[in-house]
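My notes follow in the order in which I looked.

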Amino acid sequence: MTGLRYVYAVCRPFGTPLQAQLTGVGGDPPRLLPHGDLVAVVSHVPEGDFGEEPLRARLEDLDWLTAVARAHQGVIDALTTVTTPLPLRLGTVFRDDSGVRTMLEARNEDFHRTLDRLEGRVEWGVKVFVEAEQPEQAPAAPAPKPASGRDYLRQRRQQTKSREDLWQQAEILATDLHRVLSESAEDSRLHAPQNPALSGATGRNVLNAAYLVPRAKSEEFVERVDRTKDGIPGIRVELTGPWAAYSFAGEESAGKESA
């Protein structure tokens, strides 16, 4: 099959086969491309979508981008069950197998250093949200209609103070939780708060963090998070994972080779 080479991850050679029905981006099954003591996991993608100019335009298509991200994640998840992958950035594309091998050769030392650090470890994500609405705290009866403009302003001030108090509580909880979880993890990353228009999550995101945790200590880490989940009404704590260690892969500067 012709086309560009889409690279999902780099890993060390492993003997367990990937799932027989696994498909990657564009429906093409991923394959292993070995070079020396490293393996790149790749599949073929059409140049009409992933060439430099078409890809730039495609990245503005959220439906297309979501489908690519899901397929990319599916391959990484499958790899995580059989080895420790070093996931590459979404949309890492090369002209051909030779280009992929050149990348593996040029970054061999960095890849090995990162794989050593990630071996036997997974990423957990923790988010803290202030709920947009708090139905459990709603009064049994509607608030009385303001008798005057002064009453209306007093009610508005009380509502604003209540929201501000809740946000302050959430920020304190997020700070304390991040400190405790960082002590339980080998490394951590603070990401920018999620945009609800893109994530679909409800509420205001006040903590968006990732933690690198040894698999053997994951149960203890999850228990620590669970103990905070129902702490304060109106504040939601979400745990996701375990994932491949995207946030700790050192791929911030990895880019797409010119097609």
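Entry 1. I began at the start of H4, where a side-chain oxygen of Asp 96 reaches to within 3.2 Å of the backbone nitrogen of Ser 98. I count this as a polar contact, meaning a pair of N or O atoms within 3.5 Å, of which, within protein, one must be able to donate a hydrogen and the other to accept it, while residues adjacent in sequence count only if both atoms are side-chain atoms. Helices (H or I, at least four residues) and strands (E, at least two) are DSSP runs, numbered from the N terminus.

I noted that this is a predicted model, in which local features need pLDDT of at least 70 and side-chain atom pairs count only at pLDDT 80 or more, whereas totals for chains, interfaces and linings use all residues. Residues are numbered from 1 along each chain as its sequence is written, and side-chain values use heavy atoms, with hydrogens and water left out.

Entry 2. Which residues of helix H4 (residues 97-106) are buried? I found Asp 97, Gly 99, Val 100, Met 103 and Leu 104, where buried means under 20% relative accessible area, exposed over 50%, and partly exposed in between (1.4 Å probe, protein chains only). Seen down the axis of H4, these buried residues fall within an arc of 165°, so they line one face of the helix; the arc is that of the directions from the helix axis to the C-beta atoms. An α-helix has 3.6 residues a turn, so residues three or four places apart point the same way. On the other side of H4, I saw that Glu 105 and Ala 106 are exposed. The cover over the buried residues of H4 includes E1, E2, E3, strand E5 (93-94) and helix H5 (108-118), with contact meaning heavy atoms within 4.5 Å.

Entry 3. What does E3 pair with? Strand E1 (residues 4-11) pairs with E3 in the antiparallel sense over seven bridges, and strand E2 (residues 31-35) pairs with E3, also antiparallel, over five bridges; two strands pair if DSSP finds at least two bridges between them. Val 42 of E3 is the bridge partner of Val 7, and Leu 38 of E3 is that of His 35. The hairpin of E2 and E3 has two residues between the strands, and there Gly 36 takes a positive phi near 65°.
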